[in-house]
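Q: Could you take me through this one, a few residues and elements at a time?

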Amino acid sequence: MAITIHLAAALWALLTGSSQLLTQKGTKLHKVVGWSWMAAMVVVAISSFWLTGFMNLFWGYSPIHLLSIWILVCVGVSLYSVRTGNIKRHRAFAVGAFYGVVGAGLGTLAPGRLIHQWIFG
């Protein structure tokens with residue numbers, strides 16, 4: 001169940017994040033999609049803590065879980081920044097979180113990972 005939630009949220013985060021990068025900023029649509037994207041990012045990050053065992057370095061957790069913590073920090077700073085009018089910092093942390101998810105997604109293609117097995121057999 002955790003993998004399904006994680007993958008669904010990650011797919012949504014990739015789709016809406018890509019949309020956010022390509023569309024006009026500051027519009028009502030940007031704000032609505034942005035809230036959806038931020039929620040998906042939080043779900044992706046939190047659900048990752050139920051996915052353990054690939055690299056048992058820290059009680060079942062691997063270095064990629066540090067990225068989940070970073071994503072939560074980025075989402076928090078991005079939300080705080082936009083609320084306080086610091087759009088430059090909002091943009092930097094939101095884009096940083098997006099690239100973090102893209103990087104994690106690429107990491108799932110490593111041999112031995114579930115997504116690698118699904119794609120490459």
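Predicted model: local features only at pLDDT ≥ 70, side-chain atom pairs only at ≥ 80, totals over all residues.

Q: How far apart are Val82 and Pro111 in space?
A: Their C-alpha atoms are 39 Å apart, while in sequence Val82 and Pro111 are separated by 29 residues.

Q: Switching to Ala97, where is that?
A: Ala97 belongs to helix α4, made of residues 87-107, and Ala97 is buried, with a relative accessible area of 0%.

Q: Which residues does Ala97 touch, again not counting those up to four places away?
A: Ala97 makes contact with Trp37, Met41, Ile71 and Cys74; of these, Trp37 and Met41 are also listed on the α2 side of the contact between α1 and α2.

Q: What about the separation of Ala97 and Val77?
A: Ala97 and Val77 are 20 residues apart along the chain, and the distance between their C-alpha atoms is 10 Å.

Q: Okay, α1 and α2 then: at what angle do they pack?
A: Helix α1 and helix α2, the latter being residues 28-47, pack at an angle of about 145°, and their axes are 8 Å apart. The crossing of these two helices is left-handed.

Q: Which residues make that contact?
A: On the α1 side they include Ile5, Trp12, Thr16 and Gln20, and on the α2 side they include His30, Val33, Gly34 and Trp37.

Q: Why does Gln20 count as buried?
A: Gln20 has a relative accessibility of 9%, and buried means under 20%. Gln20 lies in helix α1, residues 2-22, and, not counting residues up to four places away in sequence, touches Lys25, His30, Val33 and Gly34.

Q: Last topic, the surface: which residues make the nonpolar patch?
A: The patch, of about 630 Å², is formed by Leu106, Leu109, Leu114, Trp118, Ile119 and Phe120.

Q: And which helix gives the most to the patch?
A: Helix α5, residues 114-120, gives the most, contributing four residues. Leu114 is in helix α5, and Leu114 is partly exposed at a relative accessible area of 35%, so Leu114 meets the patch requirement of over 30%.

Note on methods. Residues numbered from 1 in each chain as written. Heavy atoms only, no water. Patch = residues over 30% accessible without salt bridge, like charges linked within 9 Å, V, L, I, M, F, W, Y side chains within 5 Å. Areas by Shrake-Rupley, 256 points an atom, 1.4 Å probe, with all protein chains shown as cover. Salt bridge = Lys/Arg side-chain N within 4 Å of Asp/Glu carboxyl O. Buried < 20%, exposed > 50% of the residue type's maximum accessible area, 1.4 Å probe, protein only. Contact = heavy atoms within 4.5 Å. Axes fitted to C-alpha atoms, helices over the stretch in contact; angles between N-to-C directions. Left-handed = near helix turned anticlockwise from the far one by under 90°.
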